[in-house]
Amino acid sequence: MKISLAHLPFVLAALACLPAISPAQTAQSTSPLGTARMNVIAKGTFNVSLKPQPMSDVASGAEIGRMSLDKQFFGDLVGTSKGEMLSAMSAVKGSAGYVAIERVSGTLEGKTGTFVLQHSGTMNRGTPTLTVTTVPDSGTDGLTGISGSLTIDIVDGKHLYTFTYSLPQ
């Protein structure tokens, strides 16, 4: 089976077209340290640039794709991110998967810092699922202690995000 990177944008678009399901904006949770936290919902748009990258010597024969991610976020989260994505397609039409890690640098609620988002997406015979979560303890500076999850929708070619997150109070 030969994988074509030309199909990767289709796979990503299909994986990203999931309904945004977010917890209530005022739901309370507790951090591992016991600090009360309030879930907040941030919404906006983002632009993404994907560029094919060469595979490592070890993975070069594994028929997987590697892409760099470069994003700009607008709206409640203002910033940029850089990351890497690995993807694979199966021999069955409409089945594929990808994982990605990206470090976001930006401002949220007037607080500036960085945090890491981890993606896991699959498409099972055309039915997509996508999970994007913050990596625990990855927040820095004003975003230290951030936790949450992000959903992505693509409407008329425009990328929309809903980031349900909490920060220590």
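The model is predicted, so local features need pLDDT of at least 70, side-chain atom pairs count only at pLDDT 80 or more, and totals for chains, interfaces and linings use all residues. Residues are numbered from 1 along each chain as its sequence is written, and side-chain values use heavy atoms, with hydrogens and water left out.

Start inside. In soluble globular proteins, nonpolar side chains tend to be buried together. A nonpolar core is a set of buried Ala, Val, Leu, Ile, Met, Phe, Trp, Tyr and Cys residues joined through side-chain atoms within 4.5 Å. Buried means under 20% relative accessible area, exposed means over 50%, and partly exposed lies in between (1.4 Å probe, protein chains only). The largest nonpolar core here has 23 residues. Leu108, Phe115 and Phe163 touch the most other members. Several strands supply at least two core residues each, among them strand 3 (40-52), strand 4 (65-75), strand 5 (77-89), strand 6 (96-108) and strand 10 (158-166). Strand 6 gives the largest share, four residues. Strands (E, at least two residues) are DSSP runs, numbered from the N terminus.

Now look at Phe115. Leaving out residues up to four places away in sequence, Phe115 touches Leu77, Glu102, Arg103, Val104, Thr134, Ser138, Gly139, Leu143, Ile146 and Phe163. Contact means heavy atoms within 4.5 Å.

Next come the rings. Rings of Phe, Tyr and Trp (its six-membered ring) pair if their centres lie within 6.5 Å; planes under 30 degrees apart count as stacked, over 60 as edge-to-face and the rest as tilted. By this rule there are four aromatic pairs. One of them joins Phe46 and Phe73. The centres are 5.7 Å apart, with 40 degrees between the planes, and the pair is tilted. Phe46 lies in strand 3 and Phe73 in strand 4, so the pair ties together parts 27 residues apart in sequence. Phe46 counts as buried at 4% relative accessibility. Phe73 counts as buried too, at 2%.

Phe73 also pairs with Tyr161, this time edge-to-face: 5.7 Å centre to centre, 75 degrees between the planes. This pair links strand 4 to strand 10, with Phe73 and Tyr161 88 residues apart. Both are buried. Together, Phe46, Phe73 and Tyr161 form one aromatic cluster.

Lys71 lies over the face of Phe46, at 4.7 Å from the ring centre. The rule is that NZ of Lys or CZ of Arg is within 6 Å of the ring centre and within 35 degrees of the ring normal.

A salt bridge is a side-chain nitrogen of Lys or Arg within 4 Å of a carboxyl oxygen of Asp or Glu. The pair links strand 4 to strand 6, 31 residues apart. Are these two residues buried or exposed? Lys71 counts as buried, at 5% relative accessibility. Glu102 is buried, at 0%.

The structure holds three salt bridges. In another, Glu84 and Arg66 bring their closest N and O atoms to 2.7 Å. Glu84 lies in strand 5 and Arg66 in strand 4, so the pair ties together parts 18 residues apart in sequence. Glu84 is partly exposed at 34%, and Arg66 is partly exposed at 23%. Asp70 and Lys82 also form a salt bridge (3.0 Å, N to O). Asp70 is partly exposed, at 25%, while Lys82 is exposed, at 54%.
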